[in-house]
Amino acid sequence: MGSRASLQGDLTMKGPAMWSLKGGVGLYLPHTEEDRQRMLATLGMTSTEELFADIPASVRLQRPLQLPPPLAELALQQHMQSLAQRHPDPGRWIRLLGAGSYEHYIPSVVEAVVSRSEFYTSYTPYQPELSQGMLQATFEYQTMAAELLGMDVANASMYDGATAFAEAGLVCCAHTGRNQLLVAQTVHPQYRAVLAAYAAGQHIEVVEIPCPQGRIDLSQWALACSTETAGVLLQSPNFFGIPEEVSAVAGIAHACGSLVVVAAYPIALGLMASPGEQGADIAVAEGQSLGNSLSYGGPYLGMMAVRQALLRRLPGRIVGQTRDRHGRRGFVLTLQAREQHIRREKATSNICSNQALNALAAAVYLA
């Protein structure tokens, strides 16, 4: 990666990675001076400043960054540790905020598996013959996610719980041909905000149902739900930690021909009936609590599972199990209902990827 010379004082170029630290400014780049000059010559320039010619000089920073002098590795580690000790962490303090991110014990096997290079560096498995390990792991994740949420099929994860929730709303509208969604105000406010952002671009009406007592008032839902309603969306346990009457809401919604979306908390499903068992058509969840660390809020994974009838409405991708011509078990991307793979007007979503490594951690944790 570059010179092994220590960063001390006012250095000049001493190797492919060391640059002048005058004024407390240092750069660590894997390019030699010859590399830089060759790249500039290719661009027809004489200095890197010319790359920013389109930016008015009046808005450029006309001084070096006010950074402290460099530290040796040991000193830097001690400095970072002293900073870290100023902030309480969940390992030493009880954390009561919650709101979708929770501290749980993560068995060491989770990190041991997800840190393997064949998983850690893999991306979209476009070539199944080269991606059997990742495809199988994703298939196993889908199987466990569907079982946990009480549904028939799950996709290969969304970006996070909020996007899964919003995507579920779009599935409701696409399947019913209606453009109204009812959402309980006891749903996580971030989930509701993402749903509103999705709906605005799709000309979908989102009606928030008040819950003054911290849980759903069934009489209000009975009045609000109509033949114009594509789906009703709720969370159980809700944002305040209170289980909702999912079965009763599902009965009201289904009587109107509407779909039911339930955002669940995966750990709670070890004790509670699954969304599917309570009548939901679509179940979503934030999978952070399944073997993923808090990590300052992400990246996480959005779990999403549906009834068989909604299989082709699922966004993202689905890994399936098959047999090759020799009868050997294999795995392939069975469905990819995104606009990169099928005609745009038939695409269910423009989500382009899935949180594969986080989903793998969840699968290892569940297993």
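## Strand S2

Gln 180, Leu 182 and Ala 184 point one way from strand S2, while Leu 181 and Val 183 point the other way, and all are buried. Buried means under 20% relative accessible area, exposed means over 50%, and partly exposed lies in between (1.4 Å probe, protein chains only). Because 5 of the 5 residues of S2 are buried, this strand is largely enclosed by the rest of the structure. Helices (H or I, at least four residues) and strands (E, at least two) are DSSP runs, numbered from the N terminus.

The structure is a predicted model, in which local features need pLDDT of at least 70, side-chain atom pairs count only at pLDDT 80 or more, and totals for chains, interfaces and linings use all residues. Residues are numbered from 1 along each chain as its sequence is written, and side-chain values use heavy atoms, with hydrogens and water left out.

## Partners of S2

Which strands pair with S2 in the parallel sense? One is strand S3 (residues 205–209), which pairs with S2 (residues 180–184) over 5 bridges. Another is S4, which pairs with S2 in the parallel sense over 4 bridges. Two strands pair if DSSP finds at least two bridges between them. On the S3 side, Leu 181 stands opposite Val 206, and Ala 184 stands opposite Ile 209. To get from S2 to S3, the chain passes through helix H7 (residues 189–202), and this β-α-β crossover is right-handed. A crossover is right-handed if, with the strands pointing away from the viewer, the path from the first strand over the helix to the second runs clockwise.

On the S4 side, Val 183 stands opposite Leu 233. Val 183 is also one of the buried residues of S2.

## Helix H9

Helix H9 covers residues 246–255, and in this helix Val 246, Val 249, Ala 250 and Ala 253 are buried. Seen down the axis of H9, the buried residues fall within an arc of 100°, so they line one face of the helix. The arc is that of the directions from the helix axis to the C-beta atoms.

What covers the buried residues of H9? The cover includes helix H8 (218–224), strand S4 (229–235) and strand S5 (259–264). H9 is followed by Gly 257, whose phi is positive, near 80°.

## Salt bridges

How many salt bridges does the structure hold? There are 6 of them. A salt bridge is a side-chain nitrogen of Lys or Arg within 4 Å of a carboxyl oxygen of Asp or Glu. Among them is the salt bridge of Arg 36 with Glu 33, where the closest N and O atoms are 3.2 Å apart. Because Arg 36 and Glu 33 are 3 residues apart in helix H1 (residues 33–43), they are separated by about one helical turn. Arg 36 is partly exposed at 22% relative accessibility, and Glu 33 is partly exposed at 28%.

Asp 35 forms a salt bridge with Arg 38, the closest N and O atoms being 2.8 Å apart. Both lie in helix H1, 3 residues apart, which is about one turn of the helix. Asp 35 has a relative accessible area of 21% and counts as partly exposed, whereas Arg 38, at 53%, is exposed. The side chains of Asp 324 and Arg 328 also meet in a salt bridge, with 2.7 Å from N to O. Here Asp 324 is partly exposed at 31%, and Arg 328 is exposed at 51%.

## Cysteines

The structure holds 0 disulfides. A disulfide is a pair of cysteine sulfur atoms within 2.5 Å. For Cys 173, which is in no disulfide, the nearest cysteine sulfur is that of Cys 172, 6.6 Å away. Cys 173 is buried, with a relative accessible area of 8%.

Cys 225 is in no disulfide either, and the nearest cysteine sulfur, that of Cys 256, is 3.3 Å away. At 8% relative accessibility, Cys 225 counts as buried.

## A buried loop residue

Gln 355 is found in the loop between strand S9 (329–336) and helix H10 (356–366). Is Gln 355 buried or exposed? At 18% relative accessibility, Gln 355 counts as buried.

Leaving aside neighbours within four places in sequence, Gln 355 is in contact with Ser 157, Met 158, Tyr 159, Pro 299, Tyr 300 and Leu 301. Contact means heavy atoms within 4.5 Å.
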